[in-house]
Amino acid sequence: MVWAGLIMGLVGSFHCLGMCGPIAISLPVGNGSGWKFVAGRVLYNSGRIITYAGLGLIAGAFGQSLKLIGVQQIVSIVAGALILVLVVMPRVIAQPLGQLRFIQNFLTWVRRKFAYFYQQQNLLAMLAVGLLNGLLPCGFVYIALAGAIAMKTLPLAMAYMALFGLGTLPLMLAVSLSGKLIKPQTRFFFKKAVPYMACIMAFLFIIRGLNLGIPYLSPKAQAETTHKVTMACCHKK
């Protein structure tokens with residue numbers, strides 16, 4: 001399921017284009033040509049991917065904590081349910097969280113630093129802009145993070161989000177280099193496809209969590225297999 005992050009990023013990159021495309025196009029370093037122009041845009045997108053991987057680590061840690069308290073069999077189901085809620089009723093989660101004081105203060109700090117580095121004329125500033133851009137509120141990133149919760153290990157959760165970022169890279173980098181937006185009709189089509197893609201991923205996570213014994217799609221939980229082996233050994237004694 002870790003490769004689902006790449007697929008989600010590829011499809012959802014048209015959503016990213018609408019949200020962050022103007023920022024990517026107007027990055028100040030390079031004056032429209034030369035190696036600094038290319039390097040600045042590569043560093044900006046690299047910063048986004050690094051931040052997504054870091055957020056994946058946090059989401060993965062949350063998923064691991066759920067496993068430690070004995071609910072490992074429903075982590076995938078919970079992740080799928082979260083994706084569905086974020087697709088169908090995004091404000092149910094986003095609005096209450098946005099009202100928390102510490103989140104408001106954090107986002108204020110992110111926006112202030114983002115504006116500061118955006119005005120700087122150097123390559124390291126473009127990396128910082130990308131790092132901070134990954135922290136700005138984005139419903140599509142939240143959907144991807146819900147999937148990261150269901151990953152089996154922390155490295156897989158980080159890889160899932162890094163692949164998500166890599167999926168958004170081709171289109172975002174191409175647009176930032178060319179300075180031209182994709183045709184509105186094409187962008188509208190893929191933007192409409194994003195919720196359907198997210199729902200498919202949600203159902204896949206839910207099916208996997210049901211432990212139906214279907215290879216690759218819904219395998220039996222390892223904990224259950226271990227339990228059976230232990231019980232068999234005890235029976236022999």
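Reader: At which residue does H8 bend by about 40 degrees, and which proline follows within four residues?
Author: The bend at a residue is the angle between axes fitted to the seven residues ending there and the seven starting there. In H8 that angle is about 40 degrees at Leu169, and the proline that follows within four residues is Pro170.

Reader: Before we go on, which pLDDT do side-chain atom pairs need in order to count?
Author: Residues are numbered from 1 along each chain as its sequence is written, and side-chain values use heavy atoms, leaving out hydrogens and water. This is a predicted model, in which totals for chains, interfaces and linings use all residues, local features need pLDDT of at least 70, and side-chain atom pairs count only at pLDDT 80 or more.

Reader: Thanks! How many helices and strands does the chain have?
Author: Helices (H or I, at least four residues) and strands (E, at least two) are DSSP runs, numbered from the N terminus. Along the sequence, the pattern reads α-α-α-α-α-α-α-α-α-α. The count is therefore 10 helices and zero strands.

Reader: Back to H8: what distance separates its end C-alpha atoms?
Author: H8 covers residues 154-178. Its expected span is 1.5 Å times one less than its number of residues, so its 25 residues should span 36 Å. The model agrees, with the end C-alpha atoms apart by 36 Å.

Reader: Which backbone nitrogen does a side-chain oxygen of Thr153 reach at the start of H8?
Author: A polar contact is a pair of N or O atoms within 3.5 Å; within protein, one must be able to donate a hydrogen and the other to accept it, and residues adjacent in sequence count only if both atoms are side-chain atoms. The Thr153 oxygen comes to within 3.3 Å of the backbone nitrogen of Leu156.

Reader: I like aromatics. Why is the pair of Phe106 and Trp109 called stacked, and what is the angle of its planes?
Author: A search of the whole structure turns up five aromatic pairs. In the pair of Phe106 and Trp109, the ring centres are 6.3 Å apart. Rings of Phe, Tyr and Trp (its six-membered ring) pair if their centres lie within 6.5 Å, with planes under 30 degrees apart counting as stacked, over 60 as edge-to-face and the rest as tilted. This pair is stacked because its planes lie at 25 degrees.

Reader: Where do Phe106 and Trp109 sit, and are they buried, partly exposed or exposed?
Author: They both lie in helix H5 (residues 101-118), three residues apart, about one turn of the helix. Buried means under 20% relative accessible area, exposed over 50%, and partly exposed in between (1.4 Å probe, protein chains only). At 40% for Phe106 and 38% for Trp109, each residue is partly exposed.

Reader: Which parts of the chain does the pair of Phe140 and Phe164 tie together?
Author: These two rings make a tilted pair, 5.3 Å centre to centre with 45 degrees between the planes. Phe140 is buried at 4% relative accessibility, and Phe164 is buried at 0%. The partners are 24 residues apart in sequence, so the pair ties together helix H7 (residues 139-149) and helix H8.

Reader: Which residue joins Phe140 and Phe164 in one aromatic cluster?
Author: The cluster holds both phenylalanines of the tilted pair. With them is a tyrosine, Tyr52.

Reader: Which residues does Ala198 touch beyond four places away in sequence?
Author: Ala198 lies in helix H9 (residues 184-209) and is buried, with a relative accessible area of 2%. Its C-alpha atom is 9.2 Å from that of Gly12, 186 residues apart along the chain. Contact means heavy atoms within 4.5 Å, and the residues that Ala198 touches are Ile83, Val87 and Ile143.

Reader: And which residues are in contact with Ile143, leaving aside neighbours within four places?
Author: Ile143 belongs to helix H7 and counts as buried at 7% relative accessibility. Its C-alpha atom is 7.7 Å from that of Leu82, 61 residues apart along the chain. The contacts of Ile143 are Met8, Ile83, Leu86, Val87 and Ala198.

Reader: Is Tyr196 buried or exposed?
Author: Tyr196 lies in helix H9. With a relative accessible area of 62%, Tyr196 is exposed.
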